[in-house]
Amino acid sequence: LDTRERLAAERALQRSESLLRGLYENTRLCMGVVELTDDGDILHLEDNAGTCRVFGVPVGGTANRLASSLGVAPEVIDVWLRRYEECLKQQRPVSFEYALQHPHGRRWFDATVAPLQRPPGERPRFSYSFEETTDRHYAQLRIRQSAAQARLALDVAEIGTWSWDPATDLVRVDTRGRALCDLPSRSQLHWQDLIERVHPEDREA
């Protein structure tokens, strides 16, 4: 009975490891395990296929290679080293954003690093994951630029903005809009508050 239970547990463990390995190799995230060296570099112990694609090497081509030998710029290595040291000190995962200069333009990434348990005196090791967010980064930049341009146009024209939420009947009016319409500066406004300021002959229109 003990032997059967042990074999069943081993098979269950193998299935679990196979599932995790499949997720690890096929996820969109770049993932792996690294170790910090004594001379300020990062040694890649194991990386998934996503990371290897980023580095432009075959799967497994980053194993036991230093970040510097993979073409990572010193300033980028410094960014990662600071985050690794931060999460080692705090003993918790740390998330951050960073950028890489690419021949076709700047590429942005979101990353998370986490410390791994190690025997005393051993070099620190970390798991990491990152994904490219270049499209999202530039989309957010375009939204901020559009908002700034819209605000500039409003300032030049000296007009205000307002919006109405039918679900709550709340009307939101910016500071200039309240001043132009002689509305209270801080109180909540409802649709009826605006209607009362419209001439009776114009309300039906």
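## Helix 3

The buried residues of helix 3 are V76, I77, W80, L81, Y84 and C87, where buried denotes under 20% relative accessible area, exposed over 50%, and partly exposed the range in between (1.4 Å probe, protein chains only). C87 has a relative accessibility of 0%. On the face turned away from the buried side, helix 3 carries the exposed residues P74, E75, R82 and K89. Just after the helix, Q91 adopts a positive phi of about 55°.

## Basis of the model and overall features

The model is predicted: local features require pLDDT of at least 70 and side-chain atom pairs count only at pLDDT 80 or more, while totals for chains, interfaces and linings use all residues. Residues are numbered from 1 along each chain as its sequence is written, and side-chain values use heavy atoms, with hydrogens and water left out.

The chain contains 7 helices and 9 strands; these are DSSP runs numbered from the N terminus, with helices (H or I) of at least four residues and strands (E) of at least two. Of its 205 residues, 27% count as buried. The accessible surface of the chain is about 14,200 Å², and carbon and sulfur atoms contribute 53% of it; areas follow the Shrake-Rupley method with a 1.4 Å probe, and for residues only the protein chains shown count as cover. Among contacts (heavy atoms within 4.5 Å) with a separation of 6 or more, 34% join residues 24 or more positions apart.

An open sheet is formed by 3 strands in the order 7-8-9, with antiparallel pairing. Strand 7 and strand 9 are at the edges and each has a single partner strand, so one side of each lacks a neighbour in the sheet. Pairing requires at least two DSSP bridges between two strands.

Strand 7 (residues 162-165) pairs with strand 8 (residues 170-173) over 4 bridges, and W164 stands opposite V171. The hairpin of these strands has 4 residues between them, and D169 takes a positive phi near 65° there. Strand 8 is joined to strand 9 (residues 189-190) by 2 bridges, with V171 opposite L189.

## T62 and the cysteines

T62 lies in the loop between helix 2 (49-55) and strand 3 (65-66). T62 is buried, at a relative accessible area of 1%. Leaving aside residues up to four places away in sequence, T62 touches H44, D47, C52, F55, V57 and L70.

The chain has 0 disulfides, a disulfide being a pair of cysteine sulfur atoms within 2.5 Å. For C52, which is in no disulfide, the nearest cysteine sulfur is that of C30, 9.1 Å away. C52 counts as buried, at 0% relative accessibility.
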